[in-house]
Amino acid sequence: MLIANWNKTTGWGAPSIVPYAPLALDPASSVLHYATECFEGMKAYRNKRTGKVCIFRPELNARRMNKSCDRVSLPTFDETEFVKLVQKFTAVEKRYLAWQGEVEMTETDDSDFLYLRPMMIGTSARLGVTPPNDAMFLIIASRLQSYNSKPLRLLAPSPEEAVRAWPGGFGNAKVGGNYGPTMKIQTEAAKMGYDQILWLFDAKRRLVTEAGAANFFVVWTTPKGTTEIVTCPLTEGIVLEGVTRQSVLDLARERLAGPSFNVVEREFSIDEIVKAADEGRLIEAFACGTAYFIAPVELLGYEGRQIEIPLKMGTSGFYAQTIRRWLEEIMYGETEHQWAVTV
Ligand SMILES: *Cc1c(COP(=O)(O)O)cnc(C)c1O
């Protein structure tokens with residue numbers, strides 16, 4: 001694991017990479033009482049053809065982590081230094097990724113990746129509710145296979161019952177405090193056979209925000225006849241600014257947008273999804289994030305109804321499959337792309 005310590009007067013100390021081990025923390029540490037914590041999720045993977053290990057758009061994770069730190073009064077940092085630390089750490093840990101250069105890659109090797117978890121915690125031992133004077137930055141990693149299971153079934157609880165985020169809150173920061181409180185309803189949904197919660201916001205407007213800890217997209221035909229891919233905007237601060245979300249939007253704008261295809265960030269309600277489904281205008285829906293990648297959705301549970309979502313390609317919709325393939329080409333493909341940063 002990589003560790004760097006920070007102190008309010010002395011600033012950042014030299015980072016070091018040390019064997020993975022438990023931390024010794026004072027029981028009065030800020031993080032344990034006031035959740036002064038934030039984290040990032042990134043993937044490192046080997047390019048199928050070149051064998052080079054890459055990380056995906058790390059500068060976006062650096063920027064987001066700085067915003068998260070700022071939100072919970074943890075120290076900010078130089079974003080290029082963050083990227084350098086992730087690269088250094090990955091260069092050490094890449095021995096865990098398949099293919100050392102001498103072995104032929106098999107078809108399945110490209111699904112093998114390292115999940116990187118940069119994180120920061122407030123370590124000051126002080127029971128007052130004040131910004132920590134000491135903090136610790138860490139990077140840990142785990143080896144994972146690509147998420148590649150069945151399409152998702154989502155349960156949308158009423159926003160009177162459960163919301164994940166609200167304007168002026170902190171749902172747009174990747175801070176630990178956002179996740180603990182979601183596990184209870186997630187467990188209840190799992191008992192009912194659902195994979196994730198579809199988070200709605202506002203009892204009146206019933207806006208669709210995110211799916212579990214992933215961003216959410218719908219593709220439909222509007223009543224006027226145009227095809228539209230739509231996701232909740234960042235403006236109210238009620239969704240997290242996903243790197244995958246941004247990449248989906250960038251690719252859709254670059255390669256799909258045209259006179260009869262719109263790429264839209266706007267507020268939309270679950271009632272619009274239900275109506276589109278009832279009128280046969282719903283094309284598909286998917287969740288996206290670093291861990292989930294592009295995960296097609298097959299079912300929405302809402303107010304006792306089960307709304308089936310088309311899966312045109314069998315286990316995925318056409319757009320989810322196409323965008324997923326484009327992203328894979330950028331990550332694993334022959335051509336160089338600025339989003340794939342070599343370690
Ligand atoms: C991490 C996360 C995402 C996905 O972000 P990526 O950068 O695409 O991995 C979306 N929503 C929430 C709430 C998250 O925590």
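Biologist: What makes a side chain positive or negative in the protein chain, and where do the centres of the two sets lie?
Modeller: Lys and Arg count as positive and Asp and Glu as negative, with His and the chain ends not counted. Each charge is placed at NZ of Lys, CZ of Arg, CG of Asp or CD of Glu. By that count the protein chain has 38 positive and 41 negative side chains, and the centres of the two sets are 1 Å apart. This is a predicted model, in which local features need pLDDT of at least 70 and side-chain atom pairs count only at pLDDT 80 or more, while totals for chains, interfaces and linings use all residues. Residues are numbered from 1 along each chain as its sequence is written, and side-chain values use heavy atoms, with hydrogens and water left out.

Biologist: What makes Lys84 and Glu81 a salt bridge?
Modeller: The term requires a side-chain nitrogen of Lys or Arg within 4 Å of a carboxyl oxygen of Asp or Glu. Between Lys84 and Glu81 the N to O distance is 3.0 Å, so the pair qualifies. The structure holds 22 salt bridges.

Biologist: Why are Lys84 and Glu81 separated by about one helical turn?
Modeller: Because Lys84 and Glu81 are three residues apart in helix α3, residues 79–93. Helices (H or I, at least four residues) and strands (E, at least two) are DSSP runs, numbered from the N terminus. The protein chain has seven helices and 18 strands.

Biologist: Why does Lys84 count as partly exposed?
Modeller: Buried means under 20% relative accessible area, exposed over 50%, and partly exposed in between, with a 1.4 Å probe and protein chains only. Lys84 has 46%, so Lys84 is partly exposed. Glu81, at 36%, is partly exposed too.

Biologist: Which residue forms a salt bridge with Arg95, and is Glu93 buried or exposed?
Modeller: The partner of Arg95 is Glu93, with the closest N and O atoms 3.3 Å apart. Glu93 has a relative accessible area of 12% and is therefore buried, whereas Arg95, at 47%, is partly exposed.

Biologist: What makes Glu254 exposed?
Modeller: Its relative accessibility is 56%, so Glu254 counts as exposed. Glu254 meets Arg255 in a salt bridge of 3.3 Å, N to O, and Arg255 is partly exposed at 35%.

Biologist: Which residues are linked in a network of salt bridges?
Modeller: Asp202, Arg205, Glu236 and Glu267.

Biologist: Where is Gly304 found, and why does Gly304 count as exposed?
Modeller: Gly304 is in the loop between β16 (293–302) and β17 (305–308). Its relative accessibility is 83%, so Gly304 is exposed.

Biologist: How do you know that the radius of gyration of the protein chain agrees with a compact globule?
Modeller: The radius is taken over C-alpha atoms, and the globule rule is 2.2 Å times the number of residues to the power 0.38. For 343 residues a compact globule would have a radius near 20 Å; the protein chain has 21 Å, which agrees. Of those 343 residues, 52% count as buried.
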